Amino acid sequence: QVQVVESGGGLVQAGESLTLSCAASGNIFTINAMGWYRQAPGNQRDLVARVTSGHSYEYADSVKGRFTISRDNAKNTVYLQMNGLKPEDTDVYYCNALGYDSHRRIYDVWGQGTQVTVSS
C-alpha cells in the first residue's frame with residue numbers, strides 16, 4: 001500500500017513564506033506524478049502545482065511566479081515553496097501521488113491535508 005504524509009502548514013502573515021513537504025512511502029514501483037491541491041470548505045479540490053516523472057511542471061495561474069514545486073526522487077518527496085503568500089491562499093492543502101505499486105497496480109493516493117492560513 002502506498003501512502004503520502006504532508007507537513008509544513010501553519011499560520012503566516014501576508015507576504016511571508018512557507019514550505020510544504022510530502023513524502024510517499026510503501027510498495028512503490030513508480031511515482032508518475034506528485035502534486036499539491038487545495039480545497040476550501042464547500043469548494044472543489046483544485047490543482048496548485050504538479051510535477052511528473054518526465055519533469056513536466058504545472059501550476060495554477062494564481063500561484064505562478066510565487067510558488068515552486070520541486071521533487072527529490074531519492075526521498076520520494078515533493079516540496080512546495082510558497083512565497084509572497086496572500087490571504088486568498090488560505091486553504092487546506094492536500095498532497096497527491098499517482099503511479100504503480102510493486103504489483104504493477106495503479107495507485108492514486110491523497111494525504112490527510114495540512115492547513116495553511118494567511119492573515120492580512
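1. Over how many bridges do β9 and strand β10 pair, and in which sense, parallel or antiparallel? In this predicted model, β9 and β10 (residues 106-110) pair in the antiparallel sense, and five bridges hold the pairing.

2. Strand β9 (residues 91-101) deserves a point of its own, because eight of its eleven residues are buried, that is, under 20% relative accessible area, and so the strand is largely enclosed by the rest of the structure.

3. Further pairings of β9 can be followed on the model. Strand β4 (residues 28-39) runs antiparallel to β9 and is joined to it by ten bridges, with Q39 standing opposite V92. Strand β11 (residues 114-119) also pairs with β9 in the antiparallel sense, here over three bridges, and V92 stands opposite Q115 of that strand.

4. A separate point concerns an open sheet of four strands, whose order is β1-β3-β8-β7 and whose pairing is antiparallel. Because β1 (2-7) and β7 (67-72) stand at the edges with a single partner strand each, one side of each is left without a neighbour in the sheet. On average, and with direction ignored, neighbouring strands of this sheet are turned by 15 degrees against each other.

5. Within this sheet, β1 and strand β3 (residues 18-26) run antiparallel and are joined by six bridges, and the partner of E6 in β3 is C22.

Key: Residues numbered from 1 in each chain as written. Predicted model: local features only at pLDDT ≥ 70, side-chain atom pairs only at ≥ 80, totals over all residues. Heavy atoms only, no water. Pairing = 2+ DSSP bridges. Helix = DSSP H or I, 4+ residues; strand = E, 2+ residues; numbered from the N terminus. Axes fitted to C-alpha atoms, helices over the stretch in contact; angles between N-to-C directions. Buried < 20%, exposed > 50% of the residue type's maximum accessible area, 1.4 Å probe, protein only.
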